[in-house]
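Subject: Structure handover and notes

Hello,

I am passing on the structure that we talked about, and my notes on it follow below. Please keep the model open while you read, so that you can look up each residue as it comes.

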Amino acid sequence: MKEFGYERAFDVSGALALLDADSGARYLGGGTNLVDLMKAGVERPTRLVDVRELPLDRIEAADGGGLRIGATVTNSDLAAHPEVRRNYPALTQAVLAGASGQLRNMATVGGNLLQRTRCGYFTDVTKPCNKRVPGSGCPAIEGEHHNHAILGASGHCAAVHPSDMGVALTAFDAVVSYETADGPGELPLTDFYVPVGDTPHLETALPPGALITGITLPPAPVAAFSRYRKVRERASYAFAIGSIAVALDVRDGVVHDVRLAFGAVASRPWRARAAEAVLTGAPADGETFAAAADAELADAEPLPHNGYKVALMRNLVVAVLTELAEEAAR
Ligand SMILES: Cc1cc2nc3c(=O)[nH]c(=O)nc-3n(C[C@H](O)[C@H](O)[C@H](O)COP(=O)(O)OP(=O)(O)OC[C@H]3O[C@@H](n4cnc5c(N)ncnc54)[C@H](O)[C@@H]3O)c2cc1C
Ligand code: SF4
């Protein structure tokens, strides 16, 4: 591993100043992704600015309702928080579906959103990869891509975003707050990740050097009736091959409100707006659920070895909506 400096920041302005002073510096959350990538030679920071002592480790009521989650809250603390479990159960389920207990104790909310793809070519510095080295090529398109994107990919990159947490946050319209040397900013999670296009190395709309300070979950009564379902290749900890966050409010047999997001199918957590449009105001039955899935997946463009994800996601949508509708009818 290349030599690097290490500093611990104790306040936000100090963290920003440390990053500003060294263009090769990077923030360090739990280190569960960044340090692995440093060992592999994918990331080569000159300095790590450890943010875990920043006063950003609280979960509290947000102004106007909802929750404000600090960027250094650990995945374990987020999943266990009583308000999250009660009002946004799919978020607890998504976090608990990710990684192992030990990793969740270290990993932070800010770091989870910025974790990099698990595409094997990205992490293998002996191979070309447009995301790691712009313009070098994408061997996954012709090679190993069974877990790659079916929605919103480009000929330059078909990698998927690996975060489970991000899928539930996307379904619940979470907003990311950040600080820069020029002042604070906010990005709805749906705008936080930028489309892959021909610049797969540019993943988010965060300004350079920005420190994520927290996430706001707006109040959403429907989120109390929500579920996260993850399909993976083995039962012990593994990344998703497809996942779904669903919240459903059914009244008199009709869908009154619904939130739907997909994971492991695109370069970012995928808000399923076309499906939501079909569902809203329609009878809460299998026919509607299948039509909603088909509407969202109509634009799917699978590669030769990941077409199974279209059927997998269709089945997930119908199964989880059916479960939630049956529970609402009881
Ligand atoms: C074996 C294994 C299995 C895993 N399985 C899953 C899984 O199934 N699902 C899943 O979702 N995840 C999984 N993960 C990934 C894990 O969730 C991430 O590694 C973790 O969430 C990253 O958080 P961190 O705080 O450790 O980030 P770090 O590794 O510290 O940082 C990640 C990135 O975020 C940046 N960063 C960190 N904090 C901030 C901040 N406040 N502001 C700006 N930038 C910041 C860093 O500079 C770095 O670029 C797995 C990881 C491992 C090792
Ligand atoms: S899919 Fe993306 S991350 Fe994977 S090799 Fe291609 S460019 Fe790199």
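The largest nonpolar core in this predicted model has 53 residues, a nonpolar core being a set of buried Ala, Val, Leu, Ile, Met, Phe, Trp, Tyr and Cys residues joined through side-chain atoms within 4.5 Å. Buried here means under 20% relative accessible area, exposed over 50%, and partly exposed in between, with a 1.4 Å probe and protein chains only. The residues with the most contacts inside this core are Leu78, Leu91, Leu169, Phe172, Phe192, Leu211 and Leu217. Helix H9, residues 165-171, gives the most to this core, with five residues; helices (H or I, at least four residues) are DSSP runs, numbered from the N terminus. Apart from this core lies another one, of 29 residues, which includes Val255, Phe262, Leu312 and Ala325. In soluble globular proteins, nonpolar side chains tend to be buried together.

As for the sources, residues are numbered from 1 along each chain as its sequence is written, while chains are lettered from A and ligands numbered from 1 in the order in which they are written. Local features need pLDDT of at least 70 and side-chain atom pairs count only at pLDDT 80 or more, whereas totals for chains, interfaces and linings use all residues, and side-chain values use heavy atoms, with hydrogens and water left out.

Leu169 is in contact with Leu91, Leu113, Ala174, Leu189, Ile215 and Leu217. Gly166, which lies in helix H9, is buried, because its relative accessible area is 0%, and Gly166 is in contact with Asn112, Leu113, Leu189 and Pro269. Thr170 also has its place in helix H9 and is buried, with a relative accessible area of 2%; the contacts of Thr170 are Leu189, Thr190, Ala261, Pro269 and Arg271.

Helix H5, residues 89-96, is mostly covered, since six of its eight residues are buried, namely Pro89, Ala90, Leu91, Thr92, Ala94 and Val95.

Finally, which residues come nearest to ligand 2? They are Cys119, Cys129, Cys138, Cys157 and Ala158, out of the 14 residues around ligand 2, where near means that a heavy atom of the residue lies within 4 Å.

Best wishes

Technical notes: Helix = DSSP H or I, 4+ residues; strand = E, 2+ residues; numbered from the N terminus. Contact = heavy atoms within 4.5 Å. Lists of a residue's contacts leave out its neighbours within four places in sequence.
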